[in-house]
Structure formats: structure tokens, C-alpha cells
Amino acid sequence: LQNPGAILVQVGALTPAVGKKIERLRLSAAGRLPLAHLDCATLPQICQALQIRSNPTLLLMARGQVAAALENDITPQAATGFVEHVAKMLGLKVDLAEDITEQLAGAEEAEWSDPAAAEQTFEEVNRAEDLSNDATVRAAAGRVRCAMRLPGR
């Protein structure tokens, strides 16, 4: 854990949705963000030193210190916030919703020719579970632009 570079430490099993987000973070780091699995039953002294009190837990370690932690509330929404925070700290760009990004791009293109259809797509995207902050803002802005283009509004 004294690695000078960043390292993710995972305690316990993550849900598939959370695991997928962590995997996308690691992929964006292009091999520079290793993942270590820590078993608190086998190494309780390490878990005590890191003050791990919940299972599962995910830590970003840097220079032997906890730089970010995801514990207690490990929902997909909390994982999105953790991944976005870690990505920002490490200067990475992580696309957590590739299909959402494609839908937004298509709606943004369509809003000029068919604002009603584009508005519907923006509304569908906005209802998606666990939407990133960036996607939420893009969908809301798109809905506003479509509303301005539609006659009678």
C-alpha cells in the first residue's frame, strides 16, 4: 500500500453495476490504476489501520494514504460519484454511459430537424437510472432548446 502511484483497494464483493463502473475507471487509466482485493478476515490489522468498517468498501490509495473512499452506501449512484471524483483527481475522462452519450448526440443532432422527437429522447435519457451529472445537464439543456423550437410553447 506504499505504492507511489494510485491503487484501488476493494474489500468484499461489489454489485455487477458498481463493478462495471469501477472497471470503466480502470480502463480509462490504461493500466495505471491497479486493483487490489483485501480480505479483512485474513489481514485484520490492515483493515484496522485503514479504518475499514463496512463491507464492501472501495478505497483509492495514493502515497500510502486514503485519497477517496466509497463505503456504507455502495449504490450505483454513489459509485458514479466516486468514479467521477477519482477520475477528476487522476485527470482521467471516464464515459460511464456510452449508450447514453450516443443517444444524447443523436438527439442534439435531431433537435434542429425534429425538435419533438429530440425532446422525447432527451426526456427518456433523463429518466435513465444512475445518470452522470454531465448527461443530466445535457439532457435538461436539450429539452429547453427543443421547447424553444416547438411552436406554441
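1. Of the 153 residues of the chain, 37% count as buried, where buried means under 20% relative accessible area, exposed over 50% and partly exposed in between, with a 1.4 Å probe and protein chains only. This is a predicted model, in which local features need pLDDT of at least 70 and side-chain atom pairs count only at pLDDT 80 or more, while totals for chains, interfaces and linings use all residues. Residues are numbered from 1 along each chain as its sequence is written, and side-chain values use heavy atoms, with hydrogens and water left out.

2. The chain has a radius of gyration, taken over C-alpha atoms, of 19 Å, whereas a compact globule of 153 residues would have one near 15 Å by the rule of 2.2 Å times the number of residues to the power 0.38. Along its principal axes, the C-alpha trace spans about 65 × 25 × 20 Å.

3. The chain holds 6 helices and 4 strands, which are DSSP runs (H or I, at least four residues, for helices; E, at least two, for strands) numbered from the N terminus. Their order from that end is β-α-β-α-β-β-α-α-α-α.

4. Helix α3 (residues 76-90) has 15 residues and reaches 21 Å from its first C-alpha to its last. Its buried residues are Pro76, Ala78, Ala79, Thr80, Phe82, Val83, Val86 and Ala87, and what covers them includes β1 (7-11), α1 (16-28), β3 (57-62) and β4 (65-71).

Definitions and conventions
Expected span 1.5 Å × (residues − 1). Contact = heavy atoms within 4.5 Å.
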